[in-house]
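Hello,

Here is the structure I promised to pass on. Please have a look at it first, and then read on for what turned up.

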Amino acid sequence: MNNTLLSITIALLFGIGTFLILRKDLIKVVIGLSILSHAVNLLIVSTGLFNGEKVPIITGEHIEPSSGTIFTDDLANSILAPIVPESAEMIYVDPLVQALVLTAIVISLATTAFILILIYRIYEEYGTTDISKLRRLWG
Amino acid sequence: MQSRKDMDPFNAIILAIFFPFVAALFVPFIEKGIKHRIGWFSAAIALISFILIGQVTHTVAEGHAIKQSITWLPSAGIEFGIYADGLSMMIGFIASGIGFIIMGYSNSYMSHKEDLPRYYKYLLLFMGSMIGMVFSSNLIQLFIFWELTSITSFMLIGYWRNKPASIYGATKSLLITVGGGLFMLAGFILLHSITGTFDIPTILQNPEIVQNLKVHPLFLITLILIVIGASAKSAQGPFYIWLPNAMEAPTPVSAFLHSATMVKAGIYLIARMHPIFSGTDAWFILVGGIGIFTMLLAGFLAFRQTDIKAILAYSTISQLAYMMTMYGYTSYHEPGIGVAAATFHLLNHAIFKACLFLVAGIVAHETATRDIRKLGGLRKEMPITFIIASIAALAMAGVPPLNGFLSKEMFYETSLEMGHILGGPFEVLIPAIAVMGGVFTFAYSIKLIDGIFLGKRQDHHLPQHVHEAPLTMLIPAAFLAVLVIFIGISPSTAVYYIIKPATAGILLEEVHLHVALWHGFTTSLMMTIATFLIGIAVYTKYDNIAAWQNRTNERIPWFSMNYVYDKIVDGAKSRAGDFAGCFQPGTIKTYINAMLLLFVILGTIPALMVAATLIPDNLNFNVPAYEVLILGLMIIAAIASAVLKKYLHAIIALSAVGYLVSLVFIYLKAPDLAMTQILVETLTTIIFLLVIVRVPQIFREKISRTTMAKDLVIASAVSLTVLILLLNATHEIVYPLESLSYYFVEKSLPLAGGHNIVNVIIVDFRGYDTLGEISVLCLAALGTYNLISSRGDKQ
């Protein structure tokens, strides 16, 4: 499935985030970082849509364990992952990207909180949130 | 056979190497207890090492080399091995024996106010490295110990850290010796690629390996690399310049490292490599050539030195060059004609030169000057020092019946022999060069005695009363002077136990060596007499020559290696400064711009390579209306967060973006993400609000029109790159391999018993990722806590 509108939205979010991290005001920079991390998360999740239709929660029906799945670590052909023959149809959207993004969301909370406290402390020490004024950090 | 009392030689050597290292580790703690007596402790360690090395004397004197190893890095074919033959034993004796004397002497020389633990720690480390190096049986191990001696030497030269001259000297020695060591390492690796082994005895004891090596196309380059390493370490050829500056070290250090032991490492390497490379023209031209060149140059340059330690430094360089020259004397049929002489001179030089340095230390200690122009006439005030200095200096000059005479005679003999082998003009030239070297040595040796002890006392430069040094300083020097005489008069003991095994170790065959004071009226004796006569004649012109050298140096300052070195180092420093200034301007925006530019380039190139067009033709705008609405609102909210001036408004807009993202997650079929996103967004907004309450909005950025235009261009470029990547990623790029996700989908229920595949991945399949995530949260919390609590310290 190809969703051009979503792609455009993600690209615009990237642009806005980039514009914000180029600002001198630290608070604006953090807002930019947040928008960038939203954009990245959306990007990763949207790539998981291509294969299946359903939410990756198994409801009732039983999945045949490893029906026709070949596992290989064929370095010579630069294949490091299990190969699934095309017949094995995927009915769910990709759960792995969701798991990755779930981790990313939580970590971005941690980093955002840390940066914000850092800005608070910078403001206390220097009396400003202007990056260009923080020359003492430059050594 | 070894006697019953002796230790197993292998264990003895291992202990002799590691004892100093372990002791160095404990020096700072022991110093707390025994204070300045730490010097005696260190001296005792050196004595123990000396005795331990003594355990191998019998075995080695009977011609058995000790070879044993412990597996160290089997995958790289590297063992920790001991190879003890006469040569390594001799230098081991010198390192530990002189080490003992120096550390004893240091007790009086070093003021108790100095940082003694640091001093003795590095002396012990150096001694251990030096012993380790000479007993190494493989080349990599030898290299490691070799560089350790360079590093400890650096630390000791720079011992007085606040003197710029010390720092300059230390840096210079480090750059040159370690740089040379890298050349040597390259040589060793080539040697390994030719012979297939790093093991020294394996190469030595297989004549066919050596034969193959000598005809190998890489032979010459290997030899050159190794000779560069040895020359840099032993201050030979153009690399001599570091040794005079190394004299900034405390005098005992100069006596120990920079005359008796460390500078002999290069000579040791030459001797060790002798059976592998000698017997070729390349060896004679490289080793002998560098030796002859350095011998004349350093002997000559010694004239203009005024610091007595600088004179000694130049004399050390020229004496080391004697050894290089003698090891370099070689021919196909007689590869090692100078080996015995060189080895003997190595021992003799270590003794008389260490003694001279100790005397220099005594003189500087008592008169507070080392300038030979200010010294003079001290023989009455310091009679014992005068006698000791005279013995050592005359030994260096080659006056009978002192030890220097014997090896100098052998030097002349082998020079005659080498000249004879080469034939033609060399028959005269080589002996003449040898005599010339002897003349310079004679002249500066006499200058030392004359300048310090004889002549008129310079009352206005010297203290009123100059005393004899304390016994702890005199006894070590006197002991060395006695050794000088003893070896001179009765060389047979030293020859039997040390020189003969060492020579045999280098030549790998039985040697018959007869050294005696009187050989009859031989040509070499005539050469010695000629040396003395010309030497006296040159000495009368000593000051004129020095003045001429000074004038020449002023006229053409660029004609010196020091000038070249300083230019290179200063140039490198300023280039590095320019480079850093260019790549680290210090404004964050420059870094971000550079990264974004790279992203744009790296992002578009693959799209251009895979897809012919940047925008594919299967664009799909067929989406439900609610989706258009959500996405449109998200863009509006994001733009609002960018343009709204007040923090509060911007943050509310930002949280709107976050909640809309969670809605998008829902129709992207990711309910877990939507839930998490809502929770996290709420928390983030609360933290934002808490912070902006404390951080009032004083600063308002005024964006100039050009900045705005520039930033908009950058943002648009990034935006476009992402769009191109996304459109092409969903269109053209076909997975070369299938996703790992199928595995999780299939195994979620049977293996983990979970219906929610995302949850199973997080807590089960990829549990370690989640552990990492939790760690990040903990670290952020700890960091936040510390940032907040560090605030209290200031106020």
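In this predicted model, helix α2 of chain A has 16 of its 21 residues buried, so the rest of the structure largely encloses it. The helix runs over residues 26-46, and at 1.5 Å a residue it should span 30 Å; the C-alpha atoms at its ends are 30 Å apart, which agrees.

Now to the aromatic rings. Over all chains, the structure holds 28 aromatic pairs.

Another pair worth a look is Tyr322(B) with Phe411(B), which is stacked: the centres are 4.9 Å apart and the planes are at 25 degrees. Here, too, distant parts of chain B are linked, with Tyr322(B) in helix α15 and Phe411(B) in helix α18, 89 residues apart. Tyr322(B) and Phe411(B) are both buried.

If you go back to Phe303(B) and Phe440(B), you will find them in one aromatic cluster with Phe300(B), Tyr539(B), Tyr542(B) and Trp548(B).

Last, some charges over rings. In chain A, the charged end of Arg23(A) sits over the ring of Phe19(A), 4.5 Å from its centre. In chain B, Lys233(B) has its charged end over the ring of Trp146(B), 5.1 Å from the ring centre.

Best wishes

Methods: Residues numbered from 1 in each chain as written. Chains lettered and ligands numbered in written order. Predicted model: local features only at pLDDT ≥ 70, side-chain atom pairs only at ≥ 80, totals over all residues. Heavy atoms only, no water. Helix = DSSP H or I, 4+ residues; strand = E, 2+ residues; numbered from the N terminus. Expected span 1.5 Å × (residues − 1). Buried < 20%, exposed > 50% of the residue type's maximum accessible area, 1.4 Å probe, protein only. Phe/Tyr/Trp six-rings, centres within 6.5 Å; stacked < 30°, edge-to-face > 60°. Lys NZ or Arg CZ within 6 Å of the ring centre and 35° of its normal.
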